Amino acid sequence: MTKVKMKTNRSAAKRFKITAKGKIKRWKSGGAHYNTKKSSKRKRHLRKPTYVKANMEKHVKALLKEF
């Protein structure tokens, strides 16, 4: 009998990346459409990635099967 393999959540794998130091990088939401009403500063900051908060890291790592 073969062991069941743990599958990575594919939607999470496309949205998050684990850095060399173990932090989880994510991209900011809200920059895809309705951009005419948003300021240039706001749109510029939405282009830059950020990190997942410490209290959510455990949940994201479980989706990515990264322990």
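The largest nonpolar core is made up of five residues, A12, I24, V52, V60 and L64. A nonpolar core here is a set of buried Ala, Val, Leu, Ile, Met, Phe, Trp, Tyr and Cys residues joined through side-chain atoms within 4.5 Å; buried means under 20% relative accessible area, exposed over 50%, and partly exposed in between (1.4 Å probe, protein chains only). The model is a predicted one, in which local features need pLDDT of at least 70 and side-chain atom pairs count only at pLDDT 80 or more, while totals for chains, interfaces and linings use all residues. Residues are numbered from 1 along each chain as its sequence is written, and side-chain values use heavy atoms, with hydrogens and water left out.

In soluble globular proteins, nonpolar side chains tend to be buried together. Across the protein, buried residues account for 10% of the 67 residues.

The protein has three helices and three strands, which run α-β-β-α-β-α from the N terminus on. Helices (H or I, at least four residues) and strands (E, at least two) are DSSP runs, numbered from the N terminus. The radius of gyration is 16 Å, well over the 11 Å that the globule rule gives for 67 residues, so the protein is more spread out than a compact globule. This radius is taken over C-alpha atoms, and the globule rule is 2.2 Å times the number of residues to the power 0.38. Along the principal axes, the C-alpha atoms fill a box of roughly 60 × 25 × 20 Å. Of the contacts between residues at least 6 apart in sequence, 54% join residues at least 24 apart.

The three strands form an open sheet with the order 1-2-3 and antiparallel pairing. Strand 1 (16–18) and strand 3 (50–51) stand at the edges with a single partner strand each, so one side of each has no neighbour in the sheet. Two strands pair if DSSP finds at least two bridges between them, and strands 2 and 3 pair in the antiparallel sense over two bridges. K25 has Y51 of strand 3 as its bridge partner.

Beyond the sheet, G31 lies in the loop between strand 2 (24–26) and helix 2 (40–47). G31 is partly exposed, with a relative accessible area of 40%, and touches K38 and L46, again not counting residues up to four places away in sequence. Its C-alpha atom is separated by 23 Å from that of T19, twelve residues apart along the chain.

Technical notes:
Contact = heavy atoms within 4.5 Å.
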